[in-house]
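The following exercises concern one protein model, shown below.

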Amino acid sequence: MKRIIFLYLFLPFLSFSQNSNLKSIKYVNNQVIYENVFSIDSLSSEKIQELLINTIPKLNGIKEFKMGDKIISAKVFQLQMDYKKYTEKVDWIQGVWIKHPFYADVNILWKDGKYKVTVTNMNFIAGGKVLLNCNNIFVEKDDNGNLGIKSNQKFLDTLIVMEHFLDDYFNVKYQNTEW
């Protein structure tokens with residue numbers, strides 16, 4: 001009897017353990033999003049704003065860059081993910097999406113010491129025509145009928161590659177030139 005109770009206590013933790021490798025990609029408000037906070041501890045809000053304005057528009061695939069009051073918005077357009085940098089092989093399940101150009105909406109907020117990147121409306125375009133929406137690809141209902149990230153390891157591996165790529169893509173480099 002004690003073993004059964006013990007099993008039921010830890011069963012919820014086991015069902016969520018597969019998604020534990022995802023840190024920045026999550027299912028929020030009925031969509032798959034990427035959200036990450038990058039720290040630059042030594043910089044003021046004004047310096048981070050200057051760094052973002054000078055860096056983000058120059059990223060490959062960034063279009064429609066707009067500067068608002070403490071927010072940057074942009075679109076990622078026809079970005080080819082360098083998936084080979086993050087995985088030794090991509091099987092056919094992963095390759096169906098990740099080998100195609102990536103499109104998304106981006107919002108960036110900042111304050112002293114950090115900035116937050118949120119990527120929504122993530123899609124892949126195959127052959128210039130077919131829209132492969134990340135919500136349709138990576139979301140499923142669990143046993144309780146709740147929507148969330150698919151637990152299939154192939155899908156999780158694809159999301160982990162995407163996450164690593166987006167982490168590197170939006171990690172702006174700052175070099176202190178005062179020394």
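**Exercise 1.** Determine in which strand T120 is found, and whether T120 is buried or exposed.

*Solution.* Step 1: T120 is found in strand 6, residues 114-126; helices (H or I, at least four residues) and strands (E, at least two) are DSSP runs, numbered from the N terminus. The model is predicted, so local features need pLDDT of at least 70 and side-chain atom pairs count only at pLDDT 80 or more, while totals for chains, interfaces and linings use all residues. Residues are numbered from 1 along each chain as its sequence is written, and side-chain values use heavy atoms, with hydrogens and water left out.

Step 1: T120 has a relative accessible area of 16% and therefore counts as buried. Buried means under 20% relative accessible area, exposed over 50%, and partly exposed in between (1.4 Å probe, protein chains only).

Step 2: Leaving aside residues up to four places away in sequence, T120 touches Q31, I33, A104 and D105, where contact means heavy atoms within 4.5 Å. D105 also stands opposite T120 in the strand pairing.

**Exercise 2.** Describe how strand 6 is enclosed, and state which strands pair with strand 6.

Step 1: Strand 2 pairs with strand 6 in the antiparallel sense over 6 bridges; two strands pair if DSSP finds at least two bridges between them. In strand 6, Y115 has F38 opposite.

Step 2: Strand 5 and strand 6 are likewise antiparallel, over 9 bridges. These two strands form a hairpin with 2 residues between them, and G113 in the turn has a positive phi of about 85 degrees.

Step 3: Strand 7 (residues 130-133) pairs with strand 6 over 4 bridges, in the antiparallel sense. Here N123 stands opposite N133. The hairpin of strand 6 and strand 7 has 3 residues between the strands, and G127 takes a positive phi near 65 degrees.

**Exercise 3.** Explain why the buried residues of helix 2 line one face of the helix.

*Solution.* Step 1: The buried residues of helix 2 (residues 45-55) are S45, I48, L51 and L52.

Step 1: Seen down the helix axis, these residues fall within an arc of 125 degrees, so they line one face of helix 2. The arc is that of the directions from the helix axis to the C-beta atoms.

Step 2: The cover over these residues includes strand 4 (71-79), strand 5 (102-111) and strand 6.

**Exercise 4.** State how many aromatic pairs the structure holds, and classify the pair of Y34 and F170.

*Solution.* Step 1: The structure holds 7 aromatic pairs. Rings of Phe, Tyr and Trp (its six-membered ring) pair if their centres lie within 6.5 Å; planes under 30 degrees apart count as stacked, over 60 as edge-to-face and the rest as tilted.

Step 1: Y34 and F170 are stacked, at 6.5 Å centre to centre with 25 degrees between the planes. The pair links distant parts of the chain, with Y34 in strand 2 (residues 31-39) and F170 in helix 5 (residues 153-170), 136 residues apart.

Step 2: Y34 is buried, with a relative accessible area of 0%, and F170 is buried at 0% relative accessibility. One aromatic cluster is formed by Y34, F165, Y169 and F170.
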